[in-house]
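Okay, thanks for coming, everyone. Let me put the model up on the screen, and then I'll walk you through a few spots in it.

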Amino acid sequence: MPNASQIESMGYLAHIRNATPDLIAGGYTSALGCSRALFEARIDLAHTYTHREMDSMDTVCRAIDAFYNGGPDVQPAQQFLQQFQESTESWTICDQIIRLHSNSLACYFASQTLRTKILKKFSQLPPDQYEALRQSLLQHLDRHGASAHDSQSEATATQLCLAIADLYIQVPTWTNWIFELLNQCQTLEGDRTIMTLTLLQVFPEEVENIRGIGENRRIAIREELAGCEQPMITFLSHVLEKFHANADMLKRVFKCLESNLQNHQMRTDHFATSPLISSIFHVIATIDPAIPSSLHETATNCIVAALYRVEDIDSHGKLAEIIHRGVISLIGPFQQAQQVEDLDRLQNIARIFVETVESFYVQIVNEAHPDPHSVGSLACFDLLLLVAGHHDWSLIEMTFNVWYRITEELFKYDDDQYIGKFRPYAEKFIQCLYEHCKMDSDDVDDILDESSEFGEFRAKAVEALRDVVFIVNSDKCIQMMHQKLIECCHRENASWEESESALFVMAAVVQNLLP
């Protein structure tokens with residue numbers, strides 16, 4: 001089927017009535033009318049359509065079916081639908097398609113189109129139609145947002161939630177409505193748990209991602225969402241209690257929490273004292289194949305989002321204490337995952353350990369508190385060393401950046417006695433680097449290639465080594481590796497890989513030695 005430019009160049013428009021100014025203002029063009037006529041002829045040569053029929057819901061629904069079902073009509077259907085989505089009349093037709101709810105696939109396409117138009121073609125809609133659109137979207141969500149529906153209807157409901165959020169965010173005269181919306185959801189018939197969770201998740205995400213609005217409006221929405229913290233935490237706690245054995249519902253709760261924790265206007269007092277945190281840590285601490293990996297990862301993302309917030313420890317001190325205790329309790333589960341070689345859960349917990357140190361590194365360096373129960377104590381280094389001690393070098397690589405930040409902060413001190421508090425941890429880290437930099441005799445050719453994965457790791461290890469070596473002094477590092485070489489010489493079964501790794505580490509720091 002020819003595109004718009006080909007339609008004009010091939011003379012097809014000579015057989016199409018010229019568009020009047022009124023039609024052009026409404027989004028109709030001669031090329032659009034011709035394209036629709038060609039599409040209808042292509043998918044059903046036995047029927048002659050009037051102009052009104054070509055603009056009808058049935059025409060659009062048939063094009064949607066042709067596009068998604070495959071076959072020779074995919075390309076013309078795609079061109080038709082693209083032109084339809086650009087037109088102003090698509091606002092009304094999409095609304096009608098969703099209202100009739102006769103074709104689930106068409107409903108999804110229509111809801112997605114409305115959401116896209118709110119994001120990219122909002123100027124097409126007159127301001128006096130904003131409220132009517134909002135009420136229409138709410139009515140659609142009332143129908144599609146009930147819990148007893150298929151995956152297609154759920155996808156439609158998600159698009160409607162996104163459309164409602166995007167519409168509200170883009171109308172600055174609308175204020176203090178989110179809390180009212182959430183209350184309204186709870187008064188509807190049927191179980192509206194999933195619908196409410198989706199709304200709670202998408203609002204904070206959309207306010208950060210949407211384009212074309214000013215910072216003042218973003219701040220206003222963030223503050224409005226922050227004002228919903230207490231009822232939101234209460235609702236999520238209720239959902240958790242009711243669906244504690246439902247992995248899918250737990251994932252939704254955790255995603256909702258993660259999304260809202262990324263709103264820096266949100267206070268964390270109620271979250272810190274809620275049962276939600278203990279439930280999240282319980283999921284992470286359970287090293288059991290019965291717990292889906294996706295749920296474990298979602299719980300991890302939630303804790304990481306909380307760790308980002310507690311970097312401002314003065315504003316979130318209570319949450320910092322609870323998160324710190326929860327992280328320390330994961331040492332046992334990490335070792336358990338290590339024993340059963342559950343790499344996915346190992347990486348998740350390792351990520352939490354690293355993010356914990358990254359959140360508290362300022363307190364760790366500047367306070368050097370020996371009490372392991374204190375937030376940001378020296379015991380946090382044990383978390384890094386636990387990660388570094390695992391045989392998979394991808395885990396120790398996760399710690400390189402936080403070691404850099406620690407050394408940058410510690411470099412401000414010109415006090416060798418104070419720096420000495422951190423020396424034992426740095427020495428153990430260097431020992432771990434030595435172990436991980438050993439070559440595998442079976443893959444020497446690949447390892448010697450600096451562009452290989454292990455070659456790139458060794459290059460990064462050198463940078464990490466140079467970051468921390470000032471804590472132990474270069475002389476001490478050389479002595480440590482020299483001792484390794486002596487041990488290799490006195491051990492009959494010592495491998496050349498051990499000696500090579502020691503020499504590799506020595507070569508990385510030897511330039512720091514003074515003549």
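Predicted model: local features only at pLDDT ≥ 70, side-chain atom pairs only at ≥ 80, totals over all residues.

Let's start with one serine: the side chain of Ser377 reaches the backbone oxygen of Asp371 at 3.3 Å. I'm calling that a polar contact, meaning a pair of N or O atoms within 3.5 Å, where within protein one must be able to donate a hydrogen and the other to accept it, and residues adjacent in sequence count only if both atoms are side-chain atoms.

Residues are numbered from 1 along each chain as its sequence is written, and side-chain values use heavy atoms, with hydrogens and water left out.

Back to Ser377. You'll find Ser377 in the loop between helix 21 (343-367) and helix 22 (380-388); helices are DSSP runs of H or I, at least four residues, and strands are runs of E, at least two, numbered from the N terminus. Is Ser377 buried or exposed? Ser377 counts as buried because its relative accessibility is 0%. The cut-offs are under 20% relative accessible area for buried, over 50% for exposed, and partly exposed in between, with a 1.4 Å probe and protein chains only. Leaving aside neighbours within four places in sequence, Ser377 is in contact (heavy atoms within 4.5 Å) with His324, Ile364, His369, Asp371 and Pro372.

Zooming out, the protein chain has 30 helices and 0 strands, and buried residues make up 50% of its 515 residues. Take helix 10 (residues 151-169): 14 of its 19 residues are buried, so helix 10 is largely enclosed by the rest of the structure.

Now, charges. A search of the whole structure finds 20 salt bridges, each being a side-chain nitrogen of Lys or Arg within 4 Å of a carboxyl oxygen of Asp or Glu. Arg222 pairs with Glu208, the closest N and O atoms being 2.7 Å apart. That pair links distant parts of the chain, with Arg222 in helix 13 (residues 215-226) and Glu208 in helix 12 (residues 193-209). Arg222 also meets Glu215 in a salt bridge, at 3.0 Å, N to O. At 14% relative accessibility, Arg222 counts as buried, whereas Glu208 is partly exposed at 38%, and Glu215 is partly exposed at 43%. Put together, Glu208, Glu215, Arg218 and Arg222 are linked in a network of salt bridges.

Notes. Expected span 1.5 Å × (residues − 1).
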